[in-house]
Amino acid sequence: MSVILFNPRSANYKHRIPNSILQVGASIYGKHDFVFVDGNLEEDPWKKIKSYLDTGKYKYFGSTVMPGPQLKQAIPISKKVREEFPEVKVVWGGYFASNQYKPVLDSGYVDVAINGPGDTAFPSLLEAFEANSDIGTIRNLIYKKDGEYVKTVVETLPNMDELPPLPYEFMDKFYPIKNYVARTFMGDKTFAYHSSFGCPFTCSFCAVVPIYNARWKGKSASLIFEDVMYLKDKLNINAVEFHDNNFFTSQKRVVEFSNLMLGQGIQWWGEGRIDTIDKYSDENLALMREAGCRMIFLGAETGNDEVLKQMDKGGDQSAEQILRFAARMKKFDIVPEYSFVLGMPGKNEKEVMKQIDFDIDFIKQVKNVNPDTEIIIYLYSPVPSEGSELYEAITKAGFKFPTELEDWLNPAWENFDLRKNPLTPWLTPAMVDKVKNFETVLNGYYPTQSDFRIRGWKKDLLRSVSKWRYQTNSYIMPYEIKVLHKVWKYRQPEIEGFYSE
Ligand code: B12
Ligand code: SF4
């Protein structure tokens, strides 16, 4: 019996290596025959999948699914697998499968959802299927039995140092891995790597929380370094995007890794927390920069301390710290990439609008303190952390997720996933317009450094066109900026990843 591992299309061009299916592949490598299908690199992935299924060899179809555009292939293709090859078992993993398991399992064409890491769950599930034995004792699964959802026990996080190595060479047979090397603002050979599971915090708006419940486990610095050196050796990489939810959780690990990276000529980027990294010593921040740390993605969220509390960020992040930290990073020449979440629920319409104005003003203060700060603006999109206070509040305010899987294909829900149009009842069109128009003006006056095509005269032109709007707070209908963004295909890093070639 053989397995198909599918990564549905997630971006229109220059794709990252699909680490999710690569790691799942590692868990069955040498135990089961399998093939990779990367929807990013297939014109018609169904054709490819069908050609495998037509051989009669493949009994399992596994797809990774994050919310948003990946659903556009994951849903119709899984449905076709069920319709045309009903004997094939369909398994979904990834954040969408875990967090939205109800519509996924109710669809009738997904048999099992993996709840969190699949490194032990997936090989065990295949063995149980083959032996026709009970799957109820396998950890990290969600499935339906007699019409009821069954969630099996959640396993402790796997020790990342003991996980099997990623089968890069095997993947190379399907898709040359050199095609996943991209030119980004950090270097002309950038590669994506993932070195830890979970996150130790419990922010109430975050999709990582329901799955990992404040747990975090990372690969040790020396093993990350070994892998990076392997990639340098094999692909000559000179930049790494760390795709961890919270790469900087352990200062010790980051310092060890930085010491190893000194002199390697590799730039890197990762995601972290302001309050965590603010505890790093000056000496360590200087070391990180010297070791290639170029930019850090950080959830600033809002400049309002009350709202920060409501978001249950944990730690001790405050507005004062957000501003101070932006200035501190400037000293070390590390670019802080701050993400803000606008449009949280409030007592009434006036309060919600007031908070949006407050955050716009705060973002401008951040830019004053350190103009190099990259700003990412999201509209608040609820995640289903059932039981959390915020979730109760949004449900009361009339918010509901779709109950039918195919409703997630509706363009409005796609925009919801992209956190660009929230469908949250408390946000009026005027509020959404204000946030979007401000974002356009901000991206005009301060175009992201990560889209390195917008340089020289293009950048000067964008800035001069946008200047009066930015300085006079005139955000309404910024069409002239939109036209320039469109003509130059300006890429917002938060949607498809950094611009790359
Ligand atoms: C790389 C990445 C992308 C890439 C696409 C990668 C690709 N697949 O081609 C890009 C940049 C395009 C992207 C875009 C988006 N992303 Co994204 N992305 C990530 C990121 C940073 C890493 C994913 C990864 O490779 N992880 C490494 C692997 C090893 O871990 P894993 O995926 O969890 O896999 C394990 C288990 O989940 C499970 N598993 C996963 N899949 C499968 C499949 C099978 C068959 C089995 C058995 C098991 C299994 O087993 C794996 C091994 O243990 C994650 C955050 C994160 N750290 O995971 C966000 C993340 C998944 N993205 C997220 C989101 C929201 C998006 C966007 C929708 C919106 C946005 N603004 O970010 C967009 C649009 C997506 C699209 N275009 O389809 C959210 C999902 C949140 C949610 N609400 O569920 C995450 C969690 C980030 C976050 N914290 O908010 N993303
Ligand atoms: S720190 Fe980041 S990854 Fe961790 S729970 Fe909060 S938002 Fe999610």
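Biologist: How do strand 6 and strand 7 pair, parallel or antiparallel?
Modeller: This is a predicted model. In it, strand 6 and strand 7 pair in the antiparallel sense, over four bridges. K144 has Y149 in strand 7 as its bridge partner.

Biologist: What holds paired strands together in general?
Modeller: Strands of a sheet pair through backbone hydrogen bonds. The pairing is either parallel or antiparallel.

Biologist: Zoom out. How many strands form the open sheet, and in what order?
Modeller: Seven strands form the sheet, in the order 2-1-3-4-5-6-7. The pairing is mixed.

Biologist: Which strands stand at the edges?
Modeller: Strand 2 (33–38) and strand 7 (148–151) do. Each has a single partner strand, so one side of each is left without a neighbour in the sheet.

Biologist: By how much are neighbouring strands turned against each other?
Modeller: By 20 degrees on average, with direction ignored.

Biologist: What about strand 4 and strand 5, parallel or antiparallel?
Modeller: Strand 4 (residues 89–93) and strand 5 (residues 112–114) pair in the parallel sense, over two bridges. W92 stands opposite A113 in strand 5.

Biologist: Which strands does helix 6 touch?
Modeller: Helix 6 (residues 121–131) packs on the sheet and touches strand 1 (2–7), strand 3 (58–64), strand 4, strand 5 and strand 6 (141–145). The direction of helix 6 makes about 155 degrees with that of strand 5.

Biologist: New topic, ligands. How many residues surround ligand 1?
Modeller: There are 45 around ligand 1. The closest are G62, T64, G68, G93 and G118.

Biologist: Which element gives the most to that shell around ligand 1?
Modeller: Helix 1, with four residues. The elements that each supply at least two include strand 1, strand 3 and strand 4. Helix 4 (95–99) and helix 21 (493–496) also each supply at least two.

Biologist: How many nonpolar, polar and charged residues has the shell around ligand 1?
Modeller: It has 18 nonpolar, 20 polar and seven charged residues.

Biologist: And what surrounds ligand 2?
Modeller: C199, F201, T202, C203, C206, V208, V209, N245, N246, R273 and G299. By class, the shell around ligand 2 has six nonpolar, four polar and one charged.

Biologist: Now helices. At what angle do helix 15 and helix 18 pack?
Modeller: At about 5 degrees, with the axes of helix 15 (residues 349–369) and helix 18 (residues 429–445) 10 Å apart. The two helices are therefore roughly parallel to each other.

Biologist: Which residues meet there?
Modeller: V352, M353, I356 and I360 in helix 15 meet M431, K434, V435 and F438 in helix 18. Seven residues of this contact are nonpolar, none is polar and one is charged.

Biologist: How do helix 9 and helix 10 cross?
Modeller: Helix 9 (residues 221–235) and helix 10 (residues 251–261) cross at roughly 35 degrees, and their axes come within 8 Å. The crossing is right-handed. A221, S222, I224 and F225 of helix 9 make the contact with R253, E256, F257, L260 and M261 of helix 10.

Biologist: One more pair. Where do helix 2 and helix 3 meet?
Modeller: P45, W46 and I49 in helix 2 meet Q73, I77 and K80 in helix 3. By class, that contact has four nonpolar, one polar and one charged residues.

Conventions
Residues are numbered from 1 along each chain as its sequence is written. Chains are lettered from A and ligands numbered from 1 in the order in which they are written. This is a predicted model: local features need pLDDT of at least 70, side-chain atom pairs count only at pLDDT 80 or more; totals for chains, interfaces and linings use all residues. Axes are lines fitted to C-alpha atoms, for helices over the stretch in contact, and angles run from 0 to 180 degrees between N-to-C directions. Angles under 35 degrees count as roughly parallel, over 145 as roughly antiparallel, 65 to 115 as roughly perpendicular and the rest as oblique. Two residues are in contact if their C-beta atoms, placed from the backbone, lie within 7 Å. Ala, Val, Leu, Ile, Met, Phe, Trp, Tyr, Cys and Pro count as nonpolar, Asp, Glu, Lys and Arg as charged, and the others, Gly among them, as polar. A residue is near a molecule or strand if its C-beta atom, placed from the backbone, lies within 6 Å of it. A crossing is left-handed if the near helix is turned anticlockwise from the far one by less than a right angle, and right-handed if clockwise. Two strands pair if DSSP finds at least two bridges between them.
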